[in-house]
Amino acid sequence: MKIDQGVRGHLGTLESAGLIKLAQLLPDLEYLFRHALVQDAAYASLLPDDQRRLHQAVGHAVEDLYNDRLDEYSAMLARHFTRAGEDDRALVYYLRAGEAALAAFASEEAEAHYRAALTLSCSLEQKVRLQSGLGDALSVQGRFEESVEAHLRGAGLCQQMGDLDGAADLYARASRNAWNADDTPRGLQLALEGLEFVKGGPPGSGLARLTHEAARAYFFNGQSEPAAKLCRTAQHMAEQLGDKTLQADILTTLGVMPGLAPEDAVAALNRAVELAEESGPAAVAQRAHHNLAVMLEGAFANLPEARKHYLKGSELARAR
């Protein structure tokens, strides 16, 4: 790499002053700032337009260099494109960063990404995804009331888009989080409010999930008859959709409903375990193993088999 004498002289002066240090000679000459404060001062000395162009150049360079690792660099790219004024590009990366953080159970980081994205100009569809992700991140942190509010905001946005099945899914999450907060009456109220909110909408996984959530809410409020009826309706919907995860979750609830013969309950719970292990989510499989253990212990006094499923549920909980 050829450097003219003037630039070489300036670099030498900066190095002598202790502001930069030589990092490498080959294949390209590279210097690093000796202290972050020096870098900050250099950055602050740039004009706003030059700062914007710098962030834009860095963002595009990272995209080109690490095209196969964009999830890993998504948070950094989101920040660079935000400062470059490329909101559309920044939003794409904030969403990727939020989803990657949630998948890694880094809920506080996910929350920060979603909140940063919500300050930008978003489409309705993007706002729904951001509110949904934010609600999930808050739920993992145990901030259930805030999570309910985020999911309900998302449901309202879904209604504006005409996506009633998406609204049903978000109402189901809100209802479950009210239950997580030990407010079983509000869980039922939200589930029933959601069913009314999406009345007339097309059948889909969101509606099946909300119907199941209403069944659970009735059950935990001591109303077993409507609980069993809605649970069977939800199961029929999930079967038609071919959604194994949802079928497993619903069968796990159905298996502990009063009025079901013990043999039928165990059959439903065994099927729930089978479907949950096929479809993958640890939370659903954990719940299925636990409920099966409870039924084997309580109805059949089969303690060895019950112990096996309690242990499997515990193992899944530790893995999560």
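1. Largest pocket. In this predicted model, the largest pocket holds about 1400 Å³ of space. Its lining is made up of 35 residues, and those that lie nearest the centre are R176, D249, A283, V284 and R320. Sorted by class, the lining of the largest pocket has 14 nonpolar, ten polar and eleven charged residues.

2. Elements around the pocket. At least two lining residues of the largest pocket come from each of helix 7 (124-140), helix 8 (144-161), helix 9 (164-180), helix 11, helix 13 and helix 15 (282-300).

3. Largest cavity. One cavity of 30 Å³ or more turns up when the whole structure is searched. The volume of the largest cavity is about 50 Å³. Its lining consists of S175, W179, T184, G187, L188, E213, R216, A217, F220 and N221. Two or more of these residues come from each of helix 9, helix 10 (184-197) and helix 11. Helix 11 gives the largest share, four residues. The lining of the largest cavity divides into four nonpolar, four polar and two charged residues.

4. Helix 12. Residues 224-241 form helix 12, which has 18 residues. From first C-alpha to last, helix 12 reaches 26 Å, close to the 26 Å expected at 1.5 Å a residue. Its buried residues are A227, L230, C231, A234, Q235, M237 and A238. Why do they fall on the same side of helix 12? They cover an arc of only 165 degrees around the axis, and therefore share one side of the helix.

5. Surroundings of helix 12. The buried residues of helix 12 pack against helix 11 (205-220) and helix 13 (244-254). Both of these partners also supply at least two residues each to the lining of the largest pocket. On the face of helix 12 turned away from its buried side are the exposed residues E225, K229 and Q240. Just after the helix comes G242, with a positive phi of about 70 degrees.

6. Helix 8. For the 18 residues of helix 8, the span should be 26 Å at 1.5 Å a residue, and the end C-alpha atoms are 26 Å apart, so the two values agree. S147, V148, A150, H151, G154, A155, L157 and C158 are the buried residues of helix 8. They pack against helix 7, helix 9 and helix 10. Just after helix 8, G162 takes a positive phi of about 80 degrees.

7. Most residues other than glycine have a negative phi. F105 is not a glycine, yet has a positive phi of about 60 degrees. F105 is placed in the loop between helix 5 (87-103) and helix 6 (107-118). D182, also not a glycine, has a positive phi of about 65 degrees. The loop that holds D182 runs between helix 9 and helix 10. Is D182 buried or exposed? Its relative accessibility is 69%, so D182 counts as exposed, the cut-off being over 50%.

8. E63. This residue sits in helix 3 (residues 48-65). E63 counts as buried because its relative accessibility is 11%, and the cut-off for buried is under 20%. Apart from neighbours within four places in sequence, E63 is in contact with L70, L77, F81, R89 and Y93.

9. R271. The position of R271 is in helix 14 (residues 262-279). With a relative accessible area of 36%, R271 is partly exposed. Which residues does R271 contact, leaving aside neighbours within four places in sequence? They are L251 and E278. The C-alpha atoms of R271 and L251 are separated by 7.5 Å, although the two residues are 20 apart along the chain.

10. Whole chain. The secondary structure of the protein chain comes to 16 helices and two strands. Of its 320 residues, 39% count as buried. Taking contacts between residues at least 6 apart in sequence, 49% join residues at least 24 apart.

Conventions: Residues are numbered from 1 along each chain as its sequence is written. This is a predicted model: local features need pLDDT of at least 70, side-chain atom pairs count only at pLDDT 80 or more; totals for chains, interfaces and linings use all residues. Side-chain values use heavy atoms; hydrogens and water are left out. The expected span of a helix is 1.5 Å times one less than its number of residues. Buried means under 20% relative accessible area, exposed over 50%, partly exposed in between (1.4 Å probe, protein chains only). The arc is that of the directions from the helix axis to the C-beta atoms. Contact means heavy atoms within 4.5 Å. On a 1 Å grid over the protein atoms alone, a cavity is a set of points where a 1.4 Å probe fits but cannot get out, and a pocket is an open set with protein on both sides within 12 Å along at least five of seven lines; lining residues have an atom within 4 Å of a point. Grid points are joined across faces, edges and corners, and a volume is the space filled by probe spheres set on the points. Ala, Val, Leu, Ile, Met, Phe, Trp, Tyr, Cys and Pro count as nonpolar, Asp, Glu, Lys and Arg as charged, and the others, Gly among them, as polar.
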